[in-house]
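Here is a short briefing for a first look. Keep the sequence and the model side by side.

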Amino acid sequence: MKPIIAIVGNQYEYAEEVFHHHPATYVPQFYVDAVVAAGGMPVILPLTDRDSVPEYVAQFDGFLLTGGQGVSPFLYGKEPQPLMGMTLLKRDQFEIALVKAVQQTAKPLLGVCRGEQVLNVALGGTLHQDIAYVPGDHIKHMQVPTPDTQVSHYVDAAAGSFLAAEFGPHFLVNSLHSQEVADVAPGLEVIARASDGIIEAVQSTDAAHRFVGVQWHPEMLVQDNPEQLAIFARLVELAGKRG
Ligand SMILES: [Mn+2]
């Protein structure tokens, strides 16, 4: 039996031309393919009511939060700043409830990009609402017009972290984020930073480090950088171990 990895879906509300004028649940195919390539069985969770979340969590072995919108700042005690991008409150609320429900189990969770940010907010951390609000100079973290599937900047991995073990202490990633982790939540620790200090990966401080968040998009890199599949393989492996 392959571990079942639940990927939380995003929701199109306004992209009428894409889904025949109807709202739709979707997951970019990159994530589905990465979970399959890593040996997991992916399923897609729609954004339903928060009360259903504990039941969903009981059904699956591991959880994947994907990229997308910003996170509503009032969920971490802040007012929106002018440069903040789009948010989708029902997604924020569902995913935060999911992180909290997974925390009550021994199951693993991987957050990619927005998913890392949601993980941090759910556990009590805060975000920068746009990179313009990060003090000091910073490198380019929105690599457009460079293809998303291409690496663009280096990160430094913490010594002893699984990232250092898999990729070495200094490795290349892609970068498609306007928001970033600001205050790290209790129970999380930083395991990678960009050269400008931006937090690029976190993990939970429990012995298994079953919660991991990465600010880059490994699912888009795996075709040209197959070693990046290790991030998904680790999720599937932990999901297979529990129980
Ligand atoms: Mn970056």
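Buried means under 20% relative accessible area, exposed means over 50%, and partly exposed lies in between (1.4 Å probe, protein chains only). At 2% relative accessibility, H177 therefore counts as buried. This is a predicted model: local features need pLDDT of at least 70, side-chain atom pairs count only at pLDDT 80 or more, and totals for chains, interfaces and linings use all residues. Residues are numbered from 1 along each chain as its sequence is written, and side-chain values use heavy atoms, with hydrogens and water left out.

**Metal site**
- The manganese ion is coordinated by H141 (ND1), H153 (NE2), S175 (OG), H177 (NE2) and E200 (OE), at 2.2 to 2.3 Å.
- Donors are N, O and S atoms within 2.8 Å of the metal (3.2 Å for Na, K and Ca); water is not among the atoms, so sites may look incomplete.
- The donor residues follow the sequence spacing H-x11-H-x21-S-x1-H-x22-E.
- H177 sits in the loop between β9 (170-173) and β10 (180-181), and E200 in strand β12 (residues 199-204), so the pair ties together parts 23 residues apart in sequence.
- E200 is buried too, with a relative accessible area of 0%.

**Sheet**
- Helices (H or I, at least four residues) and strands (E, at least two) are DSSP runs, numbered from the N terminus.
- Nine strands form an open sheet with mixed pairing, in the order β4-β1-β5-β6-β13-β12-β11-β8-β9.
- The edge strands, β4 (41-45) and β9, each pair on one side only.
- Two strands pair if DSSP finds at least two bridges between them.
- Strand β1 (residues 4-8) pairs with β4 in the parallel sense over five bridges.
- I4 has M41 as its bridge partner in β4.
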